[in-house]
Amino acid sequence: MEQFKRTEKEFSFETEILKQGAYINALASNPETAPIYLTTAFNVEDLDDLYDRYEKKGFCYNRNRNPNRNALIELMTYAEGGEDSIICSSGMGAISTTIFSQVKCGDHIVSDMTLYGETIDIFKEVLPAYGVEVTFVDFTKLEEVERAIKSETKILYTETVSNPMITVVDIDGAAKLAHDNNCILVVDNTFMTSVAFRPIAHGADLVINSLTKFANGHSDAVCGSVTGKAELIQKAYRYQVLLGNTADAFTSWLVQRGMRTMSLRIEKQMKNAAKLAKALEESPYVLKVNHPSLMSHPQHELAMKLFGNEYSCGGMLSIVLPDSMEKINLFMRKLNLAHYAMTLGGYRTTLAHPVSSSHYDTPEEERAKMGITLGLIRISVGIEKAEDLIHDFLEALNVYKE
Ligand SMILES: *Cc1c(COP(=O)(O)O)cnc(C)c1O
């Protein structure tokens, strides 16, 4: 085997200390699990070698390409059923790169009004400065979407299920509207993941995932992806390299590792969520439960059509408790398992309080329009034993008995 840069020549200690052990010169291909390529660059023998790498899309510089990031690109492209992907340093990196690469000054976006808070901030605070206008409508009413489309509209943007009301969007219908009007449909699939739903198979052109959440599932890495048509991804990749929001090697490695158990985890999370939703709906202290598995959910029928059955409706739900901060605090303190966390999709059950977090800055009347009240609690269901989880919630709800 040819050894890279090995020579009989001997240099001084302070030089050799940099050289010795710099390359692995024994057979090291196909390790059982992928090594982490913590390197900013890859060495080449000469310029022929360099041009060969350019041509074969080999590895030269980390911001452009890294083996761990490429491995995750392959995995995500498969998972979402697209042609290609980019992997970003966060879900927001994926969202901003997608938007900046697909619109220009004078363009218009029609967006759902209940998106992830910071996506709305990009649309409201950042895009107007670049001459891009956004109209917000309720995507559960496609006639509203249709009315908002103009000749300048380039993107229809929605999440598969909304936060925190867990409403469901007719993705096939939205895709048809987009394509009939020369637009692309961009879907943020973070809450559902490819385990439960694959928007591309329903006509979406680009799918975004915050891999920080269910996909990685271990609450230890921040990462995001965009998957879809090769031509659109190529454009997004060019912007990503220039904006510099590529995911680093270690994060990419963590996420591909987390995703290996994604089916196991998310199937259990979805089953637990449906069971918990049913149990909470029967509690006299819970005013309302929002989960697509329930007959009472406004898009229950659509959810069955899109997701298949009650145990495939996602791991996110929300409940409405009476509007008393004091009682909510008591309830939160009494829960042994579910705990407050500013994230979601991890293997343990977590809670969020939209009025105090994602919609803290939203004016009260706008919140009321979306159904976001003081008593609204969002639950991200984990992989605990369902009975333990249900028992813990029902016991904590006894604070409303007094
Ligand atoms: C968390 C989240 C994001 C943003 O992802 P980050 O990884 O935190 O940047 C985008 N969309 C949805 C639906 C999310 O839940």
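The crossing of α4 and α9 is right-handed; a crossing is termed right-handed if the near helix is turned clockwise from the far one by less than a right angle, and left-handed if anticlockwise. This is a predicted model, in which local features need pLDDT of at least 70 and side-chain atom pairs count only at pLDDT 80 or more, while totals for chains, interfaces and linings use all residues. Residues are numbered from 1 along each chain as its sequence is written. Helices (H or I, at least four residues) and strands (E, at least two) are DSSP runs, numbered from the N terminus.

The axes of α4 and α9 come within 9 Å and cross at roughly 115 degrees. Axes here are lines fitted to C-alpha atoms, for helices over the stretch in contact, and angles run from 0 to 180 degrees between N-to-C directions. The two helices α4 and α9 are therefore roughly perpendicular; angles of 65 to 115 degrees count as such, those under 35 as roughly parallel, those over 145 as roughly antiparallel and the rest as oblique. On the α4 side the contact is made by Thr-97, Thr-98, Phe-100, Ser-101 and Gln-102, and on the α9 side by Leu-232, Lys-235, Ala-236, Tyr-239, Gln-240 and Leu-243. Two residues are in contact if their C-beta atoms, placed from the backbone, lie within 7 Å. By class, this contact of α4 with α9 has five nonpolar, five polar and one charged residues. Ala, Val, Leu, Ile, Met, Phe, Trp, Tyr, Cys and Pro count as nonpolar, Asp, Glu, Lys and Arg as charged, and the others, Gly among them, as polar.

Helix α4 (residues 91–102) also meets helix α5 (residues 117–126), with axes that come within 10 Å and cross at roughly 30 degrees. The pair α4 and α5 is therefore roughly parallel, and α4 passes α5 in a right-handed crossing. Met-92, Ile-95, Ser-96 and Ile-99 of α4 make this contact with Glu-118, Thr-119 and Ile-122 of α5. The contact of α4 with α5 comprises four nonpolar, two polar and one charged residues.

## The seven-stranded sheet

An open sheet of seven strands has the order β1-β7-β6-β5-β4-β2-β3, with mixed pairing. Two strands pair if DSSP finds at least two bridges between them. Strands β1 (84–88) and β3 (133–137) stand at the edges with a single partner strand each, so one side of each has no neighbour in the sheet. From one strand to the next, the twist averages 20 degrees.

Strand β2 (residues 108–112) pairs with β3 in the parallel sense over five bridges, and Ile-109 stands opposite Val-134 in β3. Helix α9 (residues 230–243) packs on this sheet, where it touches β1, β5, β6 (206–210) and β7 (224–228), and its direction makes about 25 degrees with that of β1. Helix α7 (residues 171–180) lies across β4 (153–159) and β5 (184–188), running at about 150 degrees to β5.

## The five-stranded sheet

A second open sheet contains five strands in the order β8-β9-β12-β11-β10, again with mixed pairing. Its edge strands, β8 (288–290) and β10 (339–340), each pair on one side only. Strand β9 (residues 316–320) and strand β12 (residues 376–380) pair in the antiparallel sense over five bridges, with Ile-319 opposite Ile-377 in β12. Helix α11 (residues 262–281) packs on this sheet and touches β8 and β9; its direction makes about 10 degrees with that of β9.

## Helices α3 and α10

The axes of α3 and helix α10 (residues 249–259) come within 8 Å and cross at roughly 35 degrees. In this case the crossing is left-handed. Asn-68, Arg-69, Ala-71, Leu-72 and Leu-75 in α3 meet Ala-249, Ser-252, Trp-253, Val-255, Gln-256 and Met-259 in α10. The residues of this contact divide into seven nonpolar, three polar and one charged.

## Ligand shell

Around the ligand there are 14 residues, of which Ser-90, Gly-91, Tyr-116, Ser-210 and Thr-212 come nearest. A residue is counted near a molecule or strand if its C-beta atom, placed from the backbone, lies within 6 Å of it. The shell around the ligand divides into four nonpolar, seven polar and three charged residues.

## Backbone features in loops

Asn-163 and Pro-164 are joined by a cis peptide bond, with omega at about 0 degrees. Pro-164 is found in the loop between β4 and α7. Lys-57, although not a glycine, has a positive phi of about 50 degrees; Lys-57 is found in the loop between α2 (47–55) and α3 (67–80).
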